[in-house]
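The following note concerns salt bridges and helix packing. Please consider its points alongside the coordinates.

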Amino acid sequence: MKNKNSITWIVLMLLTIITAFLIGPRYAAILILLISAMKFLLVAFQFMELKKAHSFWKVSMIIVVTFVSAAILVIL
Amino acid sequence: MKELNTNPDLNNFWYPPGGILVWMLIFLELATFGMGIIALIYCSKEDPALFHTSRLSLNKTFGAINTALLLTSGYFMASTINELRRNNRAKASFYLQLTMLGGLLFMVLKGVEYSQKLNAGISINTNLFYTFYWMLTAFHGVHVAVGLVMLAVSWLRLRKKDAVIDMEHMEAGAAFWHMCDLIWLLLFPALYLVL
């Protein structure tokens, strides 16, 4: 568990560094939002232990982050 | 230390990690911030140049460092829960202090960013982008402050050798703290990067 959390933390840090260097047109916004959604789900499923929870909570969390990211992309 | 693990079956619909009440709160908060972010993006279409120029004046490095601080703090929070489950009170207390340190540093950096903006004459009334910026980040900051108080109370309890630790309460506090990460992970790209 501790090892998985450490790996998750390293991945989160790498994704944060990558995001900080992404500047540019629309495709960069898509990448930034995709990476942010991945980070969001990593925190929820690993650190918050959502992976052990009932499917309802897992699906609800995926719906929330997908809805917000998709809405931003559609409006942009 | 007496440790009560009252939440053995996390796969039960009624007992997600931390309890159903904190998860209802988490979804409510995510919906609130989600709507705020969608409103920010929608309003940016009214005057894209203003929003883009204003966004460029934000310090992206501060935003990225704050993201790293909250994520690291979240990692230590998860470690705290793991150590409590192993009945390792000393390590749990140490990790909880590191968790709080991450949150405090986040608040300090946010304070520096706010003071820079205020010194430059930028306030909530400067323009619509900054109205969103101040409201969304300050509302998030309030959540971090509340989370820090909750963690401090847990830490004080953890320090008492004869205190009974209720794991569901600890997990609820942890879930609330991670929620601050989740909100920031939505706010950071929307405010600092994509407009």
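1. Glu83(B) pairs with Arg86(B) in a salt bridge, their closest N and O atoms lying 3.0 Å apart; the term denotes a side-chain nitrogen of Lys or Arg within 4 Å of a carboxyl oxygen of Asp or Glu. Glu83(B) is buried at 3% relative accessible area, whereas Arg86(B) is partly exposed at 48% (buried: under 20%; exposed: over 50%; partly exposed: in between; 1.4 Å probe, protein chains only).

2. The model is predicted: local features need pLDDT of at least 70, side-chain atom pairs count only at pLDDT 80 or more, and totals for chains, interfaces and linings use all residues. Residues are numbered from 1 along each chain as its sequence is written, chains are lettered from A in the order in which they are written, and side-chain values use heavy atoms, without hydrogens and water.

3. A salt bridge also joins Arg85(B) and Glu171(B), at 2.6 Å from N to O. Arg85(B) belongs to helix α3 (residues 60-85) of chain B and Glu171(B) to helix α6 of chain B, so the pair ties together parts 86 residues apart in sequence. Helices here are DSSP runs (H or I, at least four residues), numbered from the N terminus. Arg85(B) is partly exposed at 29% relative accessibility, while Glu171(B) is buried at 5%.

4. Glu49(A), Lys52(A), Arg85(B) and Glu171(B) are linked in a network of salt bridges. Over all chains, the structure holds five salt bridges.

5. Within helix α4 (residues 89-119) of chain B, Lys110(B) and Glu113(B) lie three residues apart, about one turn of the helix. Their side chains form a salt bridge at 2.9 Å, N to O. Lys110(B) is buried at 4% relative accessible area, and Glu113(B) is buried at 1%.

How values were computed: Helix = DSSP H or I, 4+ residues; strand = E, 2+ residues; numbered from the N terminus.
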